[in-house]
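Hello,

I am handing over a structure for you to look at. Please open it first, then read my notes below.

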Amino acid sequence: MIRSAAPGPGALAPRLPSPVQELSDERFARHGVRLLLKRDDLIHPELIGNKWRKLAPNLAAADGRTVVTFGGAYSNHLRATAAAGRLLGLPTVGVVRGQELADRPLNPSLARCAADGMRLHFVDRSTYRRKTEPDTLAAILGALGEEGAHVVPEGGSNDLAVRGCRALGEELRGRADVVAVACGTGGTLAGLAAGLPPGARALGTPVLKGGFLGDEVRALQERAFGGPRGTWSLDDRFHCGGYARTTAALEAFAADFGDRHGVPVERLYVAKMLFGLAVLAGEGAFPRGTTLAAVVTGRPFPDPA
Ligand SMILES: *Cc1c(COP(=O)(O)O)cnc(C)c1O
């Protein structure tokens, strides 16, 4: 008889399907648009949002092996992986971009990772850039003594993760015409679009500057599903200067949105997406009668409460 080495992520009692909440907001209502929030931030208190959807299948595949993954100094993905490791008793390693960080006190995000038992391994930026090349990856795993580990890419968007995000679209079947999500790697958008029914579409708002994400989403769908799936598009106007950058207008919008609706607004991703939707609604981009679902993919860190 085969016995699994570790409890699976299902043991963590995720709240799935995640709740859907209708908001009353005149910036949308005025244009005949119904606004729903898809509260993926409520799936699990520590394994939050799309990180749950992407990590759960990877944690199952790791089956007790060490999970090695990659991220920057403020990565939501690293924190979620570290929390999962603690909750499931899985060893985790975070390969962090920036050798210089090794000699400094840990920032609050990395300190949380370490407190959750994640082993942090700092690499210089040029090695980090080459981390998906087989030789570089093998050297990193060798240096860690983790040749047999389950490796999850930066941001968590491998095939398992993209397929895991299909359920997000499936949970919204018959409930929304347009589903909006903030994009980092694009893995969540790639899976979401695949799970939506014909007639519904997914809209991604990249938080990184560069306009390269369309090719990434196509490549992710090709690898996960063997070809394009669903209807999706990107609007590149709402990155507000790039990753972790903000503007006074974005900050004011996010604070006001949080106050009005009592929803904590995560600033790196969710705020930019909601801001973009308000702009688009104002431009008349959604036909009257549209039901728009905005995916709340995360929560602020550290928790403001
Ligand atoms: C990681 C993250 C995203 C981006 O997800 P991708 O699948 O990488 O595009 C969006 N929102 C939040 C809150 C995140 O933490």
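How many of the 6 residues of strand β4 (residues 92-97) are buried? Keep in mind that this is a predicted model.

The count is 5 of the 6, so β4 is largely enclosed by the rest of the structure. Buried here means under 20% relative accessible area.

Now look at what pairs with β4. Strand β3 (residues 67-71) runs parallel to β4, with 5 bridges between them. There, F70 stands opposite V95 of β4. Strand β5 (residues 119-123) also pairs with β4 in the parallel sense, over 5 bridges. In β5, H121 is the bridge partner of V95.

Helix α3 (residues 76-88) forms a right-handed β-α-β unit with β3 and β4.

Next, an open sheet. It has 6 strands, in the order β1-β2-β10-β7-β8-β9, with mixed pairing. Its edge strands are β1 (20-23) and β9 (232-234), and each pairs on one side only. From one strand to the next, the twist averages 25°. Within this sheet, β7 (residues 178-183) and β10 (residues 291-295) run parallel, joined by 3 bridges. A180 stands opposite A294 in β10.

Last, the surface. L208, F212 and Y243 form a nonpolar patch there, with about 240 Å² of accessible area together. Y243 sits in the loop between β9 and α11 (248-261). Its relative accessible area is 30%, so Y243 counts as partly exposed.

Best wishes

How values were computed. Residues numbered from 1 in each chain as written. Predicted model: local features only at pLDDT ≥ 70, side-chain atom pairs only at ≥ 80, totals over all residues. Heavy atoms only, no water. Pairing = 2+ DSSP bridges. Helix = DSSP H or I, 4+ residues; strand = E, 2+ residues; numbered from the N terminus. Axes fitted to C-alpha atoms, helices over the stretch in contact; angles between N-to-C directions. Patch = residues over 30% accessible without salt bridge, like charges linked within 9 Å, V, L, I, M, F, W, Y side chains within 5 Å. Areas by Shrake-Rupley, 256 points an atom, 1.4 Å probe, with all protein chains shown as cover. Salt bridge = Lys/Arg side-chain N within 4 Å of Asp/Glu carboxyl O. Buried < 20%, exposed > 50% of the residue type's maximum accessible area, 1.4 Å probe, protein only. Right-handed = clockwise from strand over helix to strand, strands pointing away.
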